Amino acid sequence: MESQVRGGTRWKRFAVVMVPSVAAAACVGVGLAQGALAASFSVSGQQFKVTADHLHGDGFAQYGGIDSVYTSVDGKTKTQVPVAVSSFEDATITKMCQSVKTTIPVLNKTFYLRLEAGNEKPVVAKNLYIDVAQLDADATFTNIDIGVAVKDKTRGPAVKEGESVLPGGFAQQAQSADLYGVKQTAWATTAGTFKLSGLSMRLGADPKMECY
């Protein structure tokens, strides 16, 4: 459902917005298979979960991409996965939780790493890139353009050098974005600066340590 809200556009579920970018990511995968692109960003094969009460971002852009990930923790083989790259020139995040589940074969045990920040003062990031696998949130966008080509977008930080995207592929951009009640699964996050106020990090074996 779509409605105009103070010059912006509101979607109750941000997953609706992600569908075209995921399709664009699939197209990038075809380009990789045909040798037209090179996947240069190797990440662990473990997705991590993130929740936040509110993410406000200025200079937003989203487009399809490909991450090269390891298939297991032994780091011997890789595969390629499509992602929706969400990028922000400046972002503030309130009440952020991040968790990752890791099974250690030699111990035959599963552990959870949980990080919390931004409870008193928001987390602040500049030139933030999130390689998203899944995202649910209530979202409002101001001055949004849907369907712009990746190479012609004018908002958001520049596409990182060596990142696997199709220059003429689908992208969307907005002057600002506000996401509420964020539940997200991602492969990777990078930022020029990432200030985590009130950082708390814990490691344990209790499944309840996951953010959701």
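**View 1. Ring pairs join F60, F88 and F141 into a cluster.** The model is predicted, so local features need pLDDT of at least 70 and side-chain atom pairs count only at pLDDT 80 or more, whereas totals for chains, interfaces and linings use all residues. Residues are numbered from 1 along each chain as its sequence is written, and side-chain values use heavy atoms, with hydrogens and water left out. A search of the whole structure gives two aromatic pairs. Rings of Phe, Tyr and Trp (its six-membered ring) pair if their centres lie within 6.5 Å; planes under 30 degrees apart count as stacked, over 60 as edge-to-face and the rest as tilted.

**View 2. F60 and F88 form a tilted aromatic pair.** The distance is 5.4 Å centre to centre, with 45° between the planes. This pair links distant parts of the chain, since F60 is in strand 4 (residues 48–70) and F88 in strand 5 (residues 78–94), 28 residues apart. Strands (E, at least two residues) and helices (H or I, at least four) are DSSP runs, numbered from the N terminus. Both F60 and F88 are buried; buried means under 20% relative accessible area, exposed over 50%, and partly exposed in between (1.4 Å probe, protein chains only).

**View 3. F60 and F141 form a tilted aromatic pair.** Their centres are 5.5 Å apart, and the angle between the planes is 40°. F60 lies in strand 4 and F141 in strand 8 (residues 123–149), so the pair ties together parts that are 81 residues apart in sequence. The relative accessible area is 1% for F60, which is buried, and 0% for F141, which is also buried.

**View 4. The side chains of Q172 and Q62 make a polar contact.** The contact is at 2.6 Å. A polar contact is a pair of N or O atoms within 3.5 Å; within protein, one must be able to donate a hydrogen and the other to accept it, and residues adjacent in sequence count only if both atoms are side-chain atoms. Q172 lies in strand 9 (residues 170–195) and counts as buried because its relative accessibility is 1%.

**View 5. K95 and N143 have positive phi values.** Most residues other than glycine have a negative phi. K95, which is not a glycine, has a phi of about 50° and is placed in the loop between strand 5 and strand 6 (96–104). N143, likewise not a glycine, has a phi of about 55° and is placed in strand 8. K95 counts as partly exposed at 41% relative accessibility, and N143 counts as partly exposed at 38%.
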